[in-house]
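Student: I would like to learn how to read a new structure. Could you walk me through some features, one by one?

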Number of protein chains: 2
Amino acid sequence: MFKKLTLLACAASIAALPVHAQDKEKKEFPAPGEIVAAAKAQEWVAIAPSDLLVMDLAPLGEKPRRAVIQLMPAPFSQGWIGNIRKLAAAKWWDGTSINRVQDNYVVQWGDATEKKALPEGLAVVPESEYSTRFAPGLIPSQWVGGMRQPPVTVVSRRHGNLYPEAPNLGDPYGYAYSFVGGFPLSLSRTESVNGTERTITPDRIWPTHCYGMVGVGRNLSPDTGTGAELYTVIGHAPRHLDRNIALVGRVIEGIEHLSSLPRGTGPLGFYEKEEERVPILSVRLGNEVPDLQLYEYLSTESASFAAYADARANRRDPFFIKPAGGADICNIPVPVRRKQ
Amino acid sequence: MFKKLTLLACAASIAALPVHAQDKEKKEFPAPGEIVAAAKAQEWVAIAPSDLLVMDLAPLGEKPRRAVIQLMPAPFSQGWIGNIRKLAAAKWWDGTSINRVQDNYVVQWGDATEKKALPEGLAVVPESEYSTRFAPGLIPSQWVGGMRQPPVTVVSRRHGNLYPEAPNLGDPYGYAYSFVGGFPLSLSRTESVNGTERTITPDRIWPTHCYGMVGVGRNLSPDTGTGAELYTVIGHAPRHLDRNIALVGRVIEGIEHLSSLPRGTGPLGFYEKEEERVPILSVRLGNEVPDLQLYEYLSTESASFAAYADARANRRDPFFIKPAGGADICNIPVPVRRKQ
C-alpha cells in the first residue's frame, strides 16, 4: 500500500531519482530522472566557483540556511552580473535581509532601509541588455521548443491567410525556446517576404523567468536596477517579466530556505515588522567561500539532456497513461548535482 | 526610494491590487488587478457553500490555519468529487495529516498509515473521466488561448506542407485553452481533410494542473484513486500530469498554509518523522461549516475577465516596457474574493 502514497511523486519528480539497476533493466522507457542518473560523466559541466553566489541566512534554530546561485554566462546580463560581483566583493549584502515573500511569486532581498550606500563604480545598464541579438553559433543546442531541430532560419511558403506565419514551437511568450550554457532562453523572430516566400529568422534571445531564476529589482523605466535588490521566483513562472527585468542566475541549491518562508502579510508580500525579516549573514562569490561545495549541471548540449527534455515532454514511464506531447520551457529544469 | 522595493511587485501582482481613484484616472492602461477591482458586481459569481471543501489544520502557535478549496463544476471529475463529498460527510480526513511537501511540486495529504478504512459506496471512476468530450455550448467563454475567438470549429485551407495544421493558441500541452465556470481547461482536437479543406474540431477538454489546483493521488493504472489522498500544486504548473490524474478543485484561500510548510526531507518530499506531519483537524463541505466565509469568482465569461486575461498577456501598465504578447493558461489565475 505504500505505493499509493509515493506514486504521484514518482510520476513527476523534478529532481533526479535514484535508479536501481534491476528496475532500469525492466523499463523500456526510463523516466527523466533515470535518464539524468544514467548520463555519462563527460556530459556534466563543472560550474566555476567564481560563477556561484553563496548566500547564508541566519540559521533556523541550529539549522544552517544556505542558498547557492549560479550566475548566468556571457553574453547574457553581464552588466548587472559585474555589479553583483562588486557588491559581493564589498560584502554589501552582509547585514541586509529577506524583506518580501509573496506566495506563488517571489522572494526578494536587499537593504530594507534603502539607505545603505552602494559601492562605487557600479554600471548603469541599459534596457537593451534585457535581451541579446541572436547570432548563429550562439545556440549550440540541438534541441529547441520541444522539437529536435536547429533554431536556425526557418523558411516557409505562404499561400493562404488562415495559417499562422510560423510554427509555434511551444512558447506562448516567444517564437521558440532553447537552452544555452545550462540556462533557459526564449527567442523572438523577424520575417521577410519575397513573393510567396517568407523567411523567418531568429532575432533576439533572452533568459526566462522560471522557478528559481534570480532577477534584479528595479524602479520605473528607464531605471534597470543595479543588482543590489534581488529576487527569486517561488511560484508559477511569471514569464510576463521576461525582457522587462534583468535575470542574472538561478538558485541551484537551498531554494527551500526561501520558498518555505512565511508569506509576508503586507501589500505584495512585504514583511510588515522588522522581526519578520530574515537576516542575511553573508553573500560571497564561490571563490571566496572556504570549503565550497562544487556543483555541475547536465550540459544542455548533451545527448542525455536532449533525451531528458524529450522525456519531460512525453512521459512514457509506467505511471503515465497519456504523454503530453509537449512541455513549456520552465517544465524542463536543467539538472544540477553536487560534484563528487 | 521606497518605490524601488515595491515596483517589482506592482508589475506582476497576481492578487487584485487596491486601486486609488487618482491613479486610475491617470492610467491609460490599467493593470490586471485594477481591471478586476473595477469589475461590476454582477460579473462576480457566488460560490455555493456546498462546492467548498474547508480544511482546518492544527494551528501554528495560536494562528489558525484554514485552506478553502472550490470543487470543480459538472461535467468535470464528478465521480471523484462525489467520493470527496462522502469522505467529508464521514469526517474521514479528521485526524489525518499533511504527509508530503515537495518543493516546486506538491503538498499531499491523507492517511499516512494507509490503513484507515474508507466509507462504503465510493465510486470507482474510469480513466476516461480524466477528460470530457467537447460539446458546443460547453465553453461559453469568448476568450480562448490568448486570442479573443470562439473555441468552436476552426476551418482552415491547406495549400502547403510547411505550415502547421492548425494555429497554436498558446498551449504547448493542448490545441487551445479556455475557462469554464471559473476553472482553467485545455482542449485537444480532431482533424478531417476534404480536398484542400481541413476542418479542425475540438475533441476532448480537461482541467489543467495550475498552481493551487487540487488532484487525486493514485496508484498505477488502471487505478484512478478514490479522492481520499489529495494534493495541491505549490510550484510551476506540472502540466504533464494533465489527463493522467484527476483534478477536482483549487485552493481559493489559505494556500500559504500549505505552500510555506517545511519541505519533507525524505524521497519525493515525504516527511520522515511522525512529528513533522501537520495534523488535519477537520475537512468539511462548506454547508457544514458554522459561520462560513463566502466567496465569489470573477465570471470567466465576463467582459472584465476577458480584459483581465488580455492584460495578463499584454501588460501595458507603467512598469512594463515590453508586453509579452501571450500568456500560458496558468499565468491567468481566475480572480476570487471574499464575498462582502
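Predicted model: local features only at pLDDT ≥ 70, side-chain atom pairs only at ≥ 80, totals over all residues.

Student: What is a disulfide, in general?

Tutor: It is a covalent bond between the sulfur atoms of two cysteines.

Student: Which handedness does the link of Cys210(A) and Cys330(A) have?

Tutor: The link is left-handed, with -75° about the S-S bond.

Student: Are these two cysteines buried or exposed?

Tutor: Buried means under 20% relative accessible area. Cys210(A) has 7% relative accessibility, so it counts as buried. Cys330(A) has 8%, so it counts as buried too.

Student: How many disulfides are there over all chains?

Tutor: A search of the whole structure finds two. In chain B, Cys210(B) and Cys330(B) form a disulfide with their sulfur atoms 2.1 Å apart. The torsion about the S-S bond of Cys210(B) and Cys330(B) is about -75°, so that disulfide is left-handed. Both Cys210(B) and Cys330(B) are buried.

Student: Now to strands. How should I picture the side chains in one?

Tutor: In a regular strand, side chains alternate between the two faces of the sheet. A case to look at here is strand 14 of chain A, residues 278–285.

Student: Why is strand 14 of chain A described as largely enclosed?

Tutor: Because six of its eight residues are buried, the rest of the structure largely encloses it.

Student: Which strands pair with strand 14 of chain A?

Tutor: Strand 2 of chain A (residues 52–60) pairs with strand 14 in the antiparallel sense over five bridges, and Leu57(A) stands opposite Ile280(A) of strand 14. Strand 4 of chain A (residues 97–101) also pairs with strand 14 in the antiparallel sense, over two bridges. There, Ile98(A) stands opposite Val278(A).

Student: What joins the side chains of Asp203(A) and Arg133(A)?

Tutor: A polar contact of 2.9 Å joins them. Leaving aside neighbours within four places in sequence, Asp203(A) is in contact with several residues, among them Thr132(A), Phe134(A) and Ser188(A).

Methods:
Residues numbered from 1 in each chain as written. Chains lettered and ligands numbered in written order. Heavy atoms only, no water. Polar contact = N/O pair within 3.5 Å; in protein donor to acceptor, adjacent residues only side chain to side chain. Contact = heavy atoms within 4.5 Å. Buried < 20%, exposed > 50% of the residue type's maximum accessible area, 1.4 Å probe, protein only. Helix = DSSP H or I, 4+ residues; strand = E, 2+ residues; numbered from the N terminus. Pairing = 2+ DSSP bridges. Disulfide = S-S within 2.5 Å.
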